[in-house]
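This briefing sets out how one protein chain is arranged. Please consult the sequence and the model shown here before reading the grouped points.

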Amino acid sequence: MSGTHVALYDPEGHLNGELPLDRASHERMVKAALGWPADPGLRPADLEQIALQLTGAAHAVADDVRHAAEQLAGGHTARALVATVLAEAQHRLAADPRGTVRCAQGHARLVRTLYEHLDHLTEAAPRRPVKAL
């Protein structure tokens, strides 16, 4: 099984960040979905599977965004924005994925947005000093 990747669908978040994100894989899936024409020629069942994978990715990235926001000071302005973004993500992910281009692309946009917020939070996080040995 060397060289293969496994994508997990975990909408309830049972794994809760126990696996590292495969960001490159997520970004390739997002780029592919957002690059589709109006009718990419995929069956509804295939579109639903793509939407399910993007849903799982969105949940995983949202958990990382939540964790990164918790590292910021309580009054940090980014925390309020992240709370709004996460609430919107939760609302959008509450609906069952459908086998439509619109659904898959909507989840792709959500994954992209969550990664943008994760990057912003990572930059805003205070740096911890490295202890000398």
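P37 is partly exposed, with a relative accessible area of 49%; partly exposed is the range between buried, which means under 20% relative accessible area, and exposed, which means over 50% (1.4 Å probe, protein chains only). The model is a predicted one, in which local features need pLDDT of at least 70 and side-chain atom pairs count only at pLDDT 80 or more, whereas totals for chains, interfaces and linings use all residues. Residues are numbered from 1 along each chain as its sequence is written, and side-chain values use heavy atoms, with hydrogens and water left out.

**Loop positions**

- P37 belongs to the loop between helix 1 and helix 2.
- T100 is located in the loop that links helix 3 to helix 4 (101-124).
- With a relative accessible area of 34%, T100 is partly exposed.
- The C-alpha atom of T100 is 8.8 Å from that of R43, a residue 57 residues apart from T100 along the chain.

**Overall architecture**

- The chain has 4 helices and 0 strands; helices (H or I, at least four residues) and strands (E, at least two) are DSSP runs, numbered from the N terminus.
- Read from the N terminus, the order of elements is α-α-α-α.
- The chain comprises 133 residues, of which 32% count as buried.
- Among contacts in the chain with a separation of 6 or more, 78% are between residues 24 or more positions apart; contact means heavy atoms within 4.5 Å.

**Helix 1 with helix 2**

- The axes of helix 1 (residues 23-34) and helix 2 come within 11 Å and cross at roughly 130°; axes are lines fitted to C-alpha atoms, for helices over the stretch in contact, and angles run from 0 to 180 degrees between N-to-C directions.
- Helix 1 and helix 2 are therefore oblique to each other; angles under 35 degrees count as roughly parallel, over 145 as roughly antiparallel, 65 to 115 as roughly perpendicular and the rest as oblique.
- Their crossing is left-handed, a term used if the near helix is turned anticlockwise from the far one by less than a right angle, with clockwise giving right-handed.
- From helix 1, H26, M29, V30 and A33 meet I50, Q53, L54, A57 and V61 of helix 2.
- This contact of helix 1 with helix 2 contains 7 nonpolar, 2 polar and no charged residues; Ala, Val, Leu, Ile, Met, Phe, Trp, Tyr, Cys and Pro count as nonpolar, Asp, Glu, Lys and Arg as charged, and the others, Gly among them, as polar.
- S25, a residue of helix 1, is partly exposed at 22% relative accessibility.
- The C-alpha atoms of S25 and A57 are 9.6 Å apart, with 32 residues of separation along the chain.

**Helix 1 with helix 4**

- The axes of helix 1 and helix 4 come within 9 Å, crossing at roughly 135°.
- That angle makes helix 1 oblique to helix 4.
- The crossing of helix 1 past helix 4 is left-handed.
- Helix 1 contributes R23, H26, V30, A33 and L34 to the contact, and helix 4 contributes Q105, A108, R109, V111, R112, Y115 and D119.
- By class, there are 6 nonpolar, 2 polar and 4 charged residues in the contact of helix 1 with helix 4.

**Helix 2 with helix 3**

- Helix 2 (residues 44-70) and helix 3 (residues 77-94) have axes that come within 10 Å and cross at roughly 160°.
- Helix 2 is thus roughly antiparallel to helix 3, and the crossing is left-handed.
- On helix 2 the contact involves T55, A58, H59, A62, V65, R66, A69 and E70, and on helix 3 it involves R79, V82, L86 and L93.
- The residues of this contact divide into 7 nonpolar, 2 polar and 3 charged.

- L114 is situated in helix 4 and counts as buried at 0% relative accessibility.
- Leaving aside residues up to four places away in sequence, L114 touches A58, V61, A62, V65, V85, L86 and A89.
- The C-alpha atoms of L114 and A62 are separated by 6.4 Å, and the two residues are 52 residues apart along the chain.
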